[in-house]
Amino acid sequence: MGNLLRTNENWHRSLISKMGNGFALTEIIFDRDKKPADCLFLDVNPAFEKMTAVNAIDLVAKKVGIVFPGTESFWVDQCGQVALTGISLQFKNYAKLLGRHFEVIACSLGKGLVATFFSDITERMRIEEAYH
């Protein structure tokens with residue numbers, strides 16, 4: 001059974017590292033009023049590094065507010081909602097700091113942990129805006 005679990009863990013890690021979507025595993029940090037205040041990066045994949053132009057070594061074990069100062073509260077609020085409710089969310093938003101539009105799927109992994117999958121939809125948004 002142990003070998004099977006290790007094999008599955010290796011398979012999942014390999015899949016996440018090779019996929020084209022950005023992936024970030026975060027721990028939500030709550031303030032005294034139990035409101036989402038920040039996120040701590042626990043893991044990211046190469047696609048996330050490419051999307052943000054920040055290396056994993058400069059992300060992991062650091063807070064969003066430190067790595068990306070001035071980030072809109074929307075991002076932490078959405079992930080915080082997922083952590084609080086346990087209900088997955090799919091949303092789109094513009095990240096002003098990065099100058100990119102993202103579509104995100106955020107899933108609760110329990111105990112304040114949120115897995116997020118990012119798709120850069122900037123080009124798609126430009127095309128849609130050009131037709132409107």
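Two strands pair if DSSP finds at least two bridges between them. I took helices (H or I, at least four residues) and strands (E, at least two) as DSSP runs, numbered from the N terminus.

**Ground rules.** The model is predicted; I needed pLDDT of at least 70 for local features and 80 or more for side-chain atom pairs, while totals for chains, interfaces and linings use all residues. Residues are numbered from 1 along each chain as its sequence is written, and side-chain values use heavy atoms, with hydrogens and water left out.

**Entry: the sheet.** I began with strand 3 and strand 4. They pair in the antiparallel sense over 7 bridges. I looked up Asn93 and found Phe102 in strand 4 as its bridge partner. Strand 3 and strand 4 form a hairpin, with 4 residues between them. Gly99 sits in that turn and has a positive phi of about 65 degrees.

Next came strand 4 and strand 5. They run antiparallel and are joined by 8 bridges. Val104 stands opposite Phe118 in strand 5. This hairpin has 2 residues between its strands, and Lys111 in the turn has a positive phi of about 50 degrees.

Entry: I counted a contact when heavy atoms lie within 4.5 Å.

I checked the length of helix 4. The expected span is 1.5 Å times one less than the number of residues. For the 13 residues of helix 4 that should give 18 Å, and the end C-alpha atoms are 18 Å apart, which agrees. Just after helix 4, Gly86 takes a positive phi of about 80 degrees.

**Entry: burial.** Buried means under 20% relative accessible area, exposed over 50%, and partly exposed in between (1.4 Å probe, protein chains only). The buried residues of helix 4 are Trp75, Val76, Gln78, Cys79, Gly80, Val82 and Ala83. They pack against strand 1, strand 2, strand 3, strand 4 and strand 5.

Why does Cys79 count as buried? Its relative accessibility is 8%. Leaving aside neighbours within four places in sequence, Cys79 is in contact with Ile28, Cys39, Val114 and Thr116. I also took a distance: Cys79 and Asp58 are 21 residues apart in sequence and 21 Å apart in space, C-alpha to C-alpha.

Thr26 is in strand 1. At 4% relative accessibility, Thr26 counts as buried. Beyond four places in sequence, the contacts of Thr26 include Cys39, Phe41, Gly112 and Val114.

**Entry: the core.** A nonpolar core is a set of buried Ala, Val, Leu, Ile, Met, Phe, Trp, Tyr and Cys residues joined through side-chain atoms within 4.5 Å. The largest one has 24 residues, and Phe41, Leu59 and Phe118 have the most contacts inside it. Helix 4 gives the largest share, 5 residues.

**Entry: aromatic rings.** Rings of Phe, Tyr and Trp (its six-membered ring) pair if their centres lie within 6.5 Å; planes under 30 degrees apart count as stacked, over 60 as edge-to-face and the rest as tilted. I got 10 aromatic pairs by this rule. Phe41 and Phe68 have ring centres 6.3 Å apart and planes at 75 degrees, so the pair is edge-to-face. The pair links distant parts of the chain: Phe41 is in strand 2, Phe68 is in the loop between helix 3 and helix 4, and they are 27 residues apart. Both Phe41 and Phe68 are buried. Ring pairs also link a cluster of Phe41, Phe48, Phe68, Phe74, Trp75, Phe91, Phe102 and Phe118.
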